[in-house]
Amino acid sequence: MKFLQLFRKKKPMTKVVLITGASSGFGRDTAETLAQAGHTVFAGVRDHEGRNSSVAEELRAKGIEPVDLDVTDEATITAAVAAVLSKSGGKLDVVINNAGIASAGVSESFTPEQVRDLYDVNVFGIQRVLRATLPTLRSAGDGLVINVGSILGRVTFPFFGHYGASKFAVEAMTESYRYELSKMGVDVVLVQPSAYPTNMYAAAQQPSDTARATSYGEIGEIPGKMFETFMGIFAADDAPNPHDIAENIVTLIDTKNGERPDRIVVGQPFGADAVNTAVHPIQKSVLEGLGLGDLETLETK
């Protein structure tokens, strides 16, 4: 929480924000918190005129503009971005890639189709959204991209391997985008949440091939026990507060360009913070060895 304490007193400026996966969990809380902070928020919600119409109405009642956006469907992304630019007078300041799905179980027991679906949301979804939004940010010579990863993009929990792998991919993507956009005035930051009580766990992808999991015997029973442990933590009086994510994102947006960290861990780090610290100088030396050290510094107006 040091980052929050350091910057929370800075005076915010109103931004136009697009956030994906805003129908529930971190995304919805972040959208509502940003709106309360005075930002203009466009919330990506799948099928916002159909099965999620009630969610859309609740968001509108809080001053948030819902847009139909499915990160696995390029057509909805293109239409959503066009709607944002039309309603904001061509302005877009912040893109938050929050949409994601969890996955837990014996790795072998997931089908290839399940793993493909996981990556379609957690990895390809980010690429689709950035292809649709970056031209506007680059044209303005200013902007912020916040990708929501996970501590499991830095450390590995057994039985969360496929999910972690998708978040490792988000780590690499975020780092590369940060370098590539640094001289265009677009900042790229990664938020690494720990385990929090949201509907992500309840809706986590489960292995389809249960016979394979059963063949692991006692090892195959561990994922269920891990879930029980997490549910117990989440039900405790001192359970971690999911609102931590929204608060940190608001602070990132309110922080001046050039003063933001590359990535922040939110919640119990399980060593992810130590990995961040250890890897940073190595990555810096790699960039310098390539003669590209200048790409580490964000060029600001």
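Modeller: Happy to. Let us start with burial: a residue counts as buried under 20% relative accessible area and as exposed over 50%, with partly exposed in between. Keep in mind that this is a predicted model.

Biologist: Is S150 buried or exposed, then?

Modeller: S150 is buried, because its relative accessible area is 5%. The residue lies in the loop between strand 5 and helix 7 (161–181).

Biologist: Which residues is S150 in contact with, leaving aside its neighbours within four places in sequence?

Modeller: Contact here means heavy atoms within 4.5 Å. With those neighbours left aside, S150 touches Y163, K167 and E171, as well as V191, Q192 and P193.

Biologist: How far apart are A203 and A102, in sequence and in space?

Modeller: They are 101 residues apart in sequence, while their C-alpha atoms are 7.4 Å apart in space. On the scale of the whole protein, take the contacts with a separation of 6 or more: 73% of them join residues 24 or more positions apart.

Biologist: Now the sheet, please. How do strands pair in general?

Modeller: Strands of a sheet pair through backbone hydrogen bonds, either parallel or antiparallel. In this model, seven strands form an open sheet with parallel pairing, in the order 3-2-1-4-5-6-7. Strand 3 (65–68) and strand 7 (263–266) are the edge strands, each pairing on one side only. On average, neighbouring strands of this sheet are turned by 20 degrees against each other, direction ignored.

Biologist: Over how many bridges do strand 1 and strand 2 pair?

Modeller: Strand 1 (residues 16–19) and strand 2 (residues 40–45) pair over four bridges, in the parallel sense.

Biologist: Which residues of strand 1 are buried on each side?

Modeller: V16 and L18 are buried on one side, and V17 and I19 are buried on the other, so both faces of strand 1 are covered. Strand 2 is largely enclosed by the rest of the structure, because five of its six residues are buried.

Biologist: Which strands does helix 11 lie across?

Modeller: Helix 11 (residues 243–254) lies across strand 1, strand 4 (94–97), strand 5 (143–148), strand 6 (186–193) and strand 7. Relative to strand 5, helix 11 runs at about 160 degrees.

Biologist: Finally, how do I read the overall shape?

Modeller: Compare the radius of gyration with the value for a compact globule. For 301 residues that value would be near 19 Å, and the protein has 19 Å, which agrees. The C-alpha atoms fill a box of roughly 60 × 50 × 40 Å along the principal axes. Inside it there are 12 helices and seven strands, and 48% of the 301 residues are buried. The protein exposes about 14100 Å², with carbon and sulfur atoms supplying 53% of it.

Key:
Residues numbered from 1 in each chain as written. Predicted model: local features only at pLDDT ≥ 70, side-chain atom pairs only at ≥ 80, totals over all residues. Heavy atoms only, no water. Pairing = 2+ DSSP bridges. Helix = DSSP H or I, 4+ residues; strand = E, 2+ residues; numbered from the N terminus. Axes fitted to C-alpha atoms, helices over the stretch in contact; angles between N-to-C directions. Rg over C-alpha atoms; globule rule 2.2 N^0.38 Å. Buried < 20%, exposed > 50% of the residue type's maximum accessible area, 1.4 Å probe, protein only. Areas by Shrake-Rupley, 256 points an atom, 1.4 Å probe, with all protein chains shown as cover.
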